[in-house]
Amino acid sequence: MSAYRSAGYWLLVTFGMTDLFSKNSDELDVSGWGYELTMRVPVDADQPPAWSLRLLERLVDYVFTSGRSFTEGHRMDPGGPITGLATTRLRALAFAADPDLPPIDSPYGSARFLTVVGITADELDRMKATTTAEVLSELAERSPLLVTDPTR
């Protein structure tokens with residue numbers, strides 16, 4: 001995983017879900033799983049928060065062990081606070097096309113960036129009643145890059 005410090009947030013990007021150095025997947029036009037996960041979290045220290053790195057690692061492990069892939073519009077309730085601390089209201093996750101990183105083509109196929117967004121239980125319920133995209137669009141009005149802020 002890589003972490004890049006930007007203006008007010010850390011951009012976290014997984015690597016290894018795509019074919020990096022050779023073609024390993026069966027689909028010629030798609031690189032590996034066809035995506036890498038991203039997440040943006042506020043900068044509040046010299047390093048990204050450990051919970052965010054653990055969360056992305058667990059999501060990657062889930063994909064590799066279950067064989068189930070994520071895509072835009074998916075949502076997930078991991079069964080507790082996404083930070084591991086009861087002090088956050090963020091209890092679930094939603095997945096969207098990364099608002100800043102376009103899809104890429106490589107010698108091993110195409111891939112896109114799928115951003116992981118922490119959401120509250122109420123937002124998850126609203127997504128179930130309407131759509132994931134509708135609620136994420138509302139969140140993007142306040143945070144265009146869909147930064148996951150555990151203090152909100």
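## A buried arginine and its partner

Arg 40 forms a salt bridge with Asp 98, and their closest N and O atoms are 2.9 Å apart; the term needs a side-chain nitrogen of Lys or Arg within 4 Å of a carboxyl oxygen of Asp or Glu. This pair links distant parts of the chain, with Arg 40 in strand β3 and Asp 98 in the loop between β5 and β6 (104-106), 58 residues apart. Asp 98, at 8% relative accessibility, counts as buried too.

A word on what you are looking at: this is a predicted model, in which local features need pLDDT of at least 70 and side-chain atom pairs count only at pLDDT 80 or more, while totals for chains, interfaces and linings use all residues. Residues are numbered from 1 along each chain as its sequence is written, and side-chain values use heavy atoms, leaving out hydrogens and water.

## Other salt bridges

The count of salt bridges comes to four. One of them joins Glu 123 to Arg 152, with the closest N and O atoms 2.7 Å apart. Here Glu 123 sits in helix α2 (residues 121-129) and Arg 152 in the segment after α3 (132-142), 29 residues apart; helices (H or I, at least four residues) and strands (E, at least two) are DSSP runs, numbered from the N terminus. Glu 123 is buried, with a relative accessible area of 7%, whereas Arg 152 is partly exposed at 30%.

Helix α2 also holds Arg 126, which ties to Glu 138 in helix α3, twelve residues apart in sequence. The closest N and O atoms of Arg 126 and Glu 138 are 2.0 Å apart. Arg 126 is partly exposed at 35% relative accessible area, and Glu 138 counts as partly exposed at 31%.

## Aromatic pairs

There are three aromatic pairs (rings of Phe, Tyr and Trp, the last by its six-membered ring, with centres within 6.5 Å; planes under 30 degrees apart are stacked, over 60 edge-to-face, the rest tilted). Trp 33 and Phe 64 have ring centres 5.9 Å apart and planes at 85 degrees, so this pair is edge-to-face. Trp 33 is in strand β3 and Phe 64 in helix α1, 31 residues apart.

Phe 70 and Phe 95 are stacked, at 4.3 Å centre to centre and 10 degrees between the planes. Phe 70 lies in the loop between α1 and β4 (75-76) and Phe 95 in strand β5, so the pair ties together parts 25 residues apart in sequence. Phe 70 is buried at 5% relative accessibility, and Phe 95 is buried at 1%. Ring pairs link Tyr 62, Phe 70 and Phe 95 into a cluster.

## Nonpolar cores

Phe 95 returns in the largest nonpolar core, where, of 20 residues, Leu 37, Leu 59, Phe 95 and Val 116 touch the most other members. Such a core is a set of buried Ala, Val, Leu, Ile, Met, Phe, Trp, Tyr and Cys residues joined through side-chain atoms within 4.5 Å. β2 (9-13), β3 (30-42), α1 (50-66), β5 (90-97) and β7 (109-120) each supply at least two residues of this core, and α1 gives the most, with six.

A second, separate core of eleven residues includes Ala 92, Ala 94, Leu 136 and Leu 139.

Note on methods
Buried < 20%, exposed > 50% of the residue type's maximum accessible area, 1.4 Å probe, protein only.
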